[in-house]
Amino acid sequence: MPEQTIPESTSVQDAPISDSEVLLTVDHVTLRFGGVVALNDVDFEIRTGEILGLIGPNGAGKTTCFNAMTGVYKPTSGSITFDGTQIAGSKPHQITALGIARTFQNIRLFPEMSALENVMVGCDARNKTSVLGALFRMYRIWGLPEEDLPRNPVRRALAKVIGVSRHEVEERRSRRKSWELLRFVGIADRADELSRNLPYGYQRRLEIARALATDPKLLCLDEPAAGFNPAEKEDLMGLIRRIRDRGLTVLLIEHDMRLVMGVTDRIVVLEFGSKIAEGAPAVVARDPKVIAAYLGEPDAA
Amino acid sequence: MTDTTPQKSVLKRVAAVPSLLGGAPQWVKVPLILLVLSFCVYLPFLNILPFAYIRTDLRPNGSDWSTVLFTIALYMIVAVGLNVVIGWAGLLDLGYVGFYAVGAYSIALFGSPASPVTKAIAAQFGLPEGWSMAFAACIPLAICIALIAGVILGAPTLRLRGDYLAIVTMGFGEIIRIVMRNSTWTGGPAGIIAVPEPPAADEDFFNTIDVHRWYWLALAVLVILIWLMRRLEHSRVGRAWLAIREDEDAAAVMGVNAFKYKLWAFAIGASLGAIAGLLFASKQAYVEPNGFQLNLSFLFVAMVVIGGSGNIWGALFGAFLITYLPERFREFESWRPLAFGVALVAIMVLRPQGLFPNRRRARELEDRKHEAEEAAADA
Ligand SMILES: Nc1ncnc2c1ncn2[C@@H]1O[C@H](COP(=O)(O)OP(=O)(O)OP(=O)(O)O)[C@@H](O)[C@H]1O
Ligand SMILES: [Mg+2]
């Protein structure tokens with residue numbers, strides 16, 4: 001058997017952060033559900049390393065935009081380019097592999113799995129163990145760092161001779177990474193609980209940890225602060241900034257204006273499926289079209 | 001939930017036993033497993049009162065005890081296989097008997113010198129009269145055929161969800177049986193005789209009168225399969241299945257290729273069903289289409305659901321209950337359907353998650369303690 005080492009999961013931490021580099025382009029995307037035009041010729045870019053806000057009144061098409069970007073829906077027309085790859089119409093798992101992760105507006109965890117296992121499912125997006133690999137564990141690896149060896153001294157000695165299966169190495173690394181992420185979002189104290197038993201705020205943050213576990217370049221958060229009190233919102237703002245500091249790009253849907261204004265670098269505003277404004281938070285906030293949209297006045301256009 | 005009734009809390013405590021053992025250290029677990037295994041091996045000869053009361057042949061017309069044990073082990077294999085499909089991947093397969101039949105017919109068609117298929121092959125290639133494939137070759141063949149059958153059924157149907165999938169799979173089970181009955185190359189309604197038994201140095205080793213060696217064989221196969229399925233359960237694959245069961249769309253967005261893993265679940269379930277069918281046919285020494293009626297499928301599903309969907313031990317227990325109880329209490333035979341129905345309804349009402357619900361729990365205790373301590377130190 002070949003002596004192999006597998007690289008630690010690639011992280012985007014050391015990716016260059018420049019404001020000019022475009023990570024994702026939404027190019028004239030239209031998405032119809034029968035007669036409903038959920039997205040109408042929407043056009044915007046996400047730049048590497050920024051926090052982009054996506055706002056708009058209820059039913060504006062924000063979640064639909066996420067769904068188009070993550071492969072849940074195929075745009076009726078237009079293209080979406082991520083990191084140089086055309087992704088409109090790709091399968092969700094393929095898009096995840098490319099590096100887009102998301103959370104859901106209405107929490108969608110795996111309720112009968114523990115918090116830790118939920119995150120590990122995310123980690124598995126980068127793991128390679130197949131059905132046969134898990135069954136027979138023939139793919140062995142030698143020369144691993146101490147931390148990837150079994151703790152039990154007998155097994156540890158044995159591992160020097162017969163190596164460690166890729167399954168085992170990936171499990172151990174994924175568990176370590178999952179714990180790290182649970183600590184990062186601040187819910188490690190209840191890692192072993194079934195996710196359906198977790199309090200609401202924990203569930204929201206668990207969704208973020210699970211999304212981060214897929215090692216994304218772009219993290220899309222769909223109303224992560226929904227149902228949060230002001231203190232929790234403050235925490236969340238800190239968390240979003242720390243996520244960006246890890247080298248990720250963040251796309252944020254949020255209704256809470258204070259949060260959006262406080263954390264985003266740029267904002268795109270949708271109304272009735274069309275983009276009505278785009279720019280720095282302060283500029284967008286003064287835009288008469290945006291104000292009109294939020295005050296519920298009929299759109300002049 | 002009404003967790004306050006004392007009766008329920010007792011049930012809960014009983015249900016917690018397997019998970020307690022799961023957390024026990026290695027030096028407790030290994031001897032315990034060996035002990036249970038040796039007891040299982042000894043079971044056919046169990047003759048010490050009061051334990052002997054569990055035997056089914058105490059009364060003159062009782063069923064042969066070893067045969068009952070064999071059937072229990074056989075259906076446990078089925079339950080372990082179906083648990084992959086229903087319990088883990090969450091795919092309601094009502095045609096599982098189809099795969100059981102595929103396994104049985106695979107060995108009958110290729111292993112029996114009396115089957116039209118072996119005869120045709122022998123005639124085609126000028127092989128001597130009475131030629132048939134070796135038993136050992138029939139095992140991988142049966143598994144391959146079942147895998148292919150699983151993929152053929154799964155590929156077009158796994159895009160369906162819930163009830164639709166259930167109905168299509170049910171149709172599949174019936175189609176297999178009807179094809180076997182109406183084709184000449186399968187021996188038609190009469191079936192096929194002279195299905196071979198496993199090779200053994202002694203001609204009489206696997207005979208049909210003293211069945212305990214058949215039971216041992218099924219037990220050995222069962223143990224190996226449980227071991228393999230547990231490897232899958234606690235791996236990337238098992239997690240992918242659970243994620244699909246819990247929320248297929250969310251799983252897909254988390255990078256799980258749902259279709260691929262559902263197909264794998266189907267294929268693995270199919271091959272386990274086929275292994276059970278193969279053992280069954282081999283022990284019976286003949287197969288006939290009537291042995292694979294639709295109601296057997298429902299019985300299989302009941303085993304998995306009663307025991308607690310998603311938990312191997314629950315599935316085993318369900319298989320045990322459904323196979324053993326009717327044999328032990330034969331005197332109440334006419335009450336069987338009623339008792340069965342009442343028990344099912346009672347379980348669904350009192351314990352919808354099954355007797356031993358799936359408790360995902362901490363593994364690798366050592367690592368766990370360490371991780372938990374780190375987390376605590378961090379907090
Ligand atoms: N699967 C679907 N089928 C039909 N119509 C849909 C579907 N999904 C969304 N829509 C419609 O598309 C429009 C945009 O919905 P979307 O969920 O994207 O809005 P949103 O901006 O996320 O709103 P909210 O702030 O309430 O979450 C709505 O009119 C909605 O009814
Ligand atoms: Mg929305």
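This is a predicted model: local features need pLDDT of at least 70, side-chain atom pairs count only at pLDDT 80 or more; totals for chains, interfaces and linings use all residues.
## Helix α7 of chain A

In α7(A), the buried residues are A:Gly201, A:Tyr202, A:Gln203, A:Arg204, A:Leu206, A:Glu207, A:Ile208, A:Ala209, A:Arg210, A:Ala211 and A:Leu212. Eleven of the 13 residues of α7(A) are buried, and the helix is mostly covered.

Helix α7 of chain A runs over residues 200-212. From its first C-alpha to its last it reaches 19 Å, which is close to the 18 Å expected at 1.5 Å a residue.

## What α7 packs against

The buried residues of α7(A) pack against elements of both chain A and chain B. In chain A these are the strands β6 (100-102) and β9 (218-222), along with the helices α3 (115-123), α6 (166-185) and α8 (230-245). From chain B, α10 (248-253) takes part.

## The shell around ligand 1

Ligand 1 has 13 residues around it, and those that come nearest are A:Gly59, A:Lys62, A:Thr63, A:Thr64 and A:Gln105. By type, the shell holds four nonpolar, seven polar and two charged residues. Helix α1 of chain A (residues 62-69) gives the most to this shell, with three residues.

## Polar contacts and cover of ligand 1

A polar side-chain atom of A:Thr64 is 2.5 Å from a ligand oxygen, and one of A:His255 is 2.9 Å from a ligand oxygen. On its own, ligand 1 has 640 Å² of accessible area, and the protein covers 65% of that.

Methods
Residues are numbered from 1 along each chain as its sequence is written. Chains are lettered from A and ligands numbered from 1 in the order in which they are written. Side-chain values use heavy atoms; hydrogens and water are left out. A residue is near a molecule or strand if one of its heavy atoms lies within 4 Å of it. A polar contact is a pair of N or O atoms within 3.5 Å; within protein, one must be able to donate a hydrogen and the other to accept it, and residues adjacent in sequence count only if both atoms are side-chain atoms. Accessible areas come from the Shrake-Rupley method with a 1.4 Å probe; for residues, only the protein chains shown count as cover. Helices (H or I, at least four residues) and strands (E, at least two) are DSSP runs, numbered from the N terminus. Ala, Val, Leu, Ile, Met, Phe, Trp, Tyr, Cys and Pro count as nonpolar, Asp, Glu, Lys and Arg as charged, and the others, Gly among them, as polar. The expected span of a helix is 1.5 Å times one less than its number of residues. Buried means under 20% relative accessible area, exposed over 50%, partly exposed in between (1.4 Å probe, protein chains only). Contact means heavy atoms within 4.5 Å.
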